[in-house]
Amino acid sequence: MTSAQNLEAAIAELKGNFGGELLRAGDPGYDAARKVHNGLIDKHPSVIARCTGTADIVYAVKFGRQHGLEIAVRGGGHNVAGRSTVEGGLMIDLAPMKGIHVDAKARTVRVQGGVNWGEFNRETQLHGLATTGGAISTTGVAGLTLGGGLGWLMGKYGLTADNLISAEIVTADGSVLTASAAENPDLYWALRGGGGNFGVVSSFEFRLHSVGPMITGGLVVHPFEKAGEMLRYYRQLTASLPDEMVVFAALGHAPDGSGASIAALVVAHCGSLAEGEAAVKPIRAFGPPVMDALGPIPYSAINAMLDAGNPKGALNYWKANFVPELSDGAIDTVVKAFAACTSPMSSILFEHFHGAACRVAVADTAFPHRAPGYNMLCLGQWLEASDSQRNIGWVRDTYAAMKPYMSSGRYMNYMNEDELSEGAAAAYGPNHARLREIKRKYDPENVFHLNQNIKPG
């Protein structure tokens, strides 16, 4: 038989043990399943294994290895580098795995690997509970957690990974392991920031906190001509924020479709409404803003506030790095760079780190970036493939202009396809060597390499 016939025969055999769908090109649902959030990524797996549970993942991993297929793992499919899909290999698709169980008394939740943050919040907020989640509701829980997890609650409750209690994971040899402080603690350490390098996480158990359902938040918008002044105010504001308050700064475009450039502060305060009202009062007074949308808001709405500006299928190219401080030079440089922006969908975002996220020791989790400061994301986004070159060029030019103000650290969830080979050391910093040793223990043949890859030590 030809190799294609061998593969078809193997798929037919796998179907006998597989509970979900096995999709091939031409099958109904194949094109929808193969597409990821970033429209710049267009790959065609030979097989998509849409899993319904842990057993399906085990069978899929063993099948892929037996037939020499490259294995990609898709949770939410949001990763900008598109590493959750593969050309010609096997995509293990966790999207059908939507189980969520909230234990309100214990303040914990267990979710399967296909859950996104909108679904997560929908269940936990029934009980007024939450953990640090994504800034876009369609982001997958799996990818965000494994990469560290920046979000609106990180000042008070730390990163998403800091709230991980345990995980069930299928490793490269098909074993099903629990990773926690008590079981396989080295693997537990690695999963909190080390990405998808160590296996396929079938479920996550998180610690929950009393948040919402109403908090204080939203955004205030200033004219772009005031961008420099606003960023200087932002620098002053973030020097003394309470843990309950997270503020991001954005240079972007008006949501009314006019394409006008704007400068905005995006705010979330997870304390009492009275505390939140007092905390945002100075922000509302500065400027004053041309639009003030700060006030009581459902916590779940905060996590969906940026969804409309980040539609599935738009073409995306990002570059990001940590910036320890917003000096006058950095502010002047970024404002000048954004003035040359080539798409009304693109933006530059500063995500401020402080509080609980910075009170974890560098070596306590695989995620090493614990110093107060900012993560700068230059987010290029557009709709037409013919515009790709100039939009990618703008992102690269902006990043190059800001390089003198950057530290050596990189947030791995924002790394692009063309940065993955060189970025591991920057993403994992002083924890890289230990991660390589753990990789060698659990995946010595680097089966799971379609990620921000850690090569076995």
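This is a short chat about how to read a few features of the predicted model above.

Visitor: What should I know before I start?

Guide: This is a predicted model, where local features need pLDDT of at least 70, side-chain atom pairs count only at pLDDT 80 or more, and totals for chains, interfaces and linings use all residues. Residues are numbered from 1 along each chain as its sequence is written, and side-chain values use heavy atoms, with hydrogens and water left out.

Visitor: Let's start with helices. Which residues of helix α4 are buried?

Guide: Helices (H or I, at least four residues) and strands (E, at least two) are DSSP runs, numbered from the N terminus. Buried means under 20% relative accessible area, exposed over 50%, and partly exposed in between, with a 1.4 Å probe and protein chains only. In α4, residues 117–124, the buried ones are Trp-117, Phe-120, Asn-121 and Thr-124. They sit on the same side of α4, because they cover an arc of only 90° around the axis; that arc is taken from the directions from the helix axis to the C-beta atoms.

Visitor: What do the buried residues of α4 pack against?

Guide: Contact means heavy atoms within 4.5 Å. Among the partners are β5 (100–103), β6 (108–112) and β10 (200–207), along with α5 (141–147). At the start of α4, a side-chain oxygen of Asn-116 comes within 3.1 Å of the backbone nitrogen of Gly-118.

Visitor: How do I read a sheet? In what order do the five strands run?

Guide: Two strands pair if DSSP finds at least two bridges between them. Here the open sheet has the order β5-β6-β10-β8-β9, with antiparallel pairing. Its edge strands, β5 and β9 (176–180), each pair on one side only. Five bridges link β6 and β10, and Arg-110 has Glu-205 in β10 as its bridge partner.

Visitor: Which strands of this sheet does α3 touch?

Guide: α3 packs on β8 (164–170), β9 and β10, and its direction makes about 45° with that of β8. Axes are lines fitted to C-alpha atoms, for helices over the stretch in contact, and angles run from 0 to 180 degrees between N-to-C directions. α4 lies across β5, β6 and β10, at about 35° to β5.

Visitor: How does the span of α3 compare with what it should be?

Guide: The expected span is 1.5 Å times one less than the number of residues. For the 13 residues of α3 (residues 54–66) that should be 18 Å, and the end C-alpha atoms are 18 Å apart, which agrees. Buried residues of α3 include Ile-57, Val-61 and Phe-63. Just after α3, Gly-68 takes a positive phi of about 65°.

Visitor: What about the seven strands: what order do they take?

Guide: That open sheet goes β15-β12-β14-β13-β17-β18-β16, again with antiparallel pairing. The edge strands are β15 (291–298) and β16 (315–323). Nine bridges join β16 to β18 (residues 373–382), and Phe-322 has Asn-375 as its bridge partner in β18. Helix α8 (residues 227–238) packs on the sheet, its direction making about 165° with that of β13 (245–253). Helix α9 (residues 273–285) lies across β12, β13, β14 and β15, at about 5° to β12.

Visitor: Last one: is Gly-19 buried or exposed?

Guide: Gly-19 is exposed, with a relative accessible area of 55%. Its place is the loop between α1 (3–14) and β1 (21–23). Not counting residues up to four places away in sequence, Gly-19 touches Thr-52 and Asp-56.

Conventions
Polar contact = N/O pair within 3.5 Å; in protein donor to acceptor, adjacent residues only side chain to side chain.
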